[in-house]
Amino acid sequence: MDLGKIGFFQLAGTRLDYLAQRQKLVAENVVNANTPDYQARDLKPFDSVMEGIRPVETARTSGLHLASTRSTAGFREEGKAALWESTPSGNAVSLDQEMIKGSETRDAFALTTSLFQRNVQMLRMAWRNG
């Protein structure tokens with residue numbers, strides 16, 4: 001069975017690729033922290049990758065099921081954060097900002113790999129008992 005054909009695993013793989021690319025850009029920004037006129041770079045938020053994908057909604061198949069009152073669109077980030085500082089040489093890399101980005105990327109990577117592993121475990125359990 002090809003896990004890449006299952007929607008969740010496709011999304012998790014895309015997310016991991018995105019996080020790897022973001023970590024690479026953060027590392028490049030840190031390496032060039034003293035390079036004159038270097039501008040820090042970052043990827044667009046991962047939400048932009050998700051545009052056009054319909055959000056998962058619960059199906060109400062019985063009158064006894066409770067209807068959801070939450071909107072799935074409430075957690076989207078809007079706007080782009082401005083650069084924190086710029087040196088007289090024109091360098092616009094803030095090491096503090098890059099460390100925050102690195103921590104966010106590490107945490108998101110850990111969450112995504114954990115979800116990936118849990119879903120693989122569920123599939124294995126289903127195949128064994130199936």
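R22 sits at 12% relative accessibility, so it counts as buried (under 20% relative accessible area; exposed is over 50%, partly exposed in between, 1.4 Å probe, protein chains only). Keep in mind that this is a predicted model, where local features need pLDDT of at least 70, side-chain atom pairs count only at pLDDT 80 or more, and totals for chains, interfaces and linings use all residues. Residues are numbered from 1 along each chain as its sequence is written, and side-chain values use heavy atoms, with hydrogens and water left out.

**Salt bridges**
- The whole structure has six salt bridges (a side-chain nitrogen of Lys or Arg within 4 Å of a carboxyl oxygen of Asp or Glu).
- D42 pairs with R22, with the closest N and O atoms 2.9 Å apart.
- D42 is in the loop between α1 (7–31) and α2 while R22 is in helix α1, so this pair ties together parts 20 residues apart in sequence; helices are DSSP runs (H or I, at least four residues), numbered from the N terminus.
- D42 also bridges to K101 at 3.9 Å, N to O, and K101 lies in helix α3, 59 residues away.
- K101 meets E98 as well, at 3.3 Å, N to O.
- Shared partners join R22, D42, E98, K101 and E104 into one network.

**Burial in the network**
- E98, at 0% relative accessibility, counts as buried, and K101 does too at 10%.
- D42, at 31%, counts as partly exposed.

**Confidence**

Key: Helix = DSSP H or I, 4+ residues; strand = E, 2+ residues; numbered from the N terminus.
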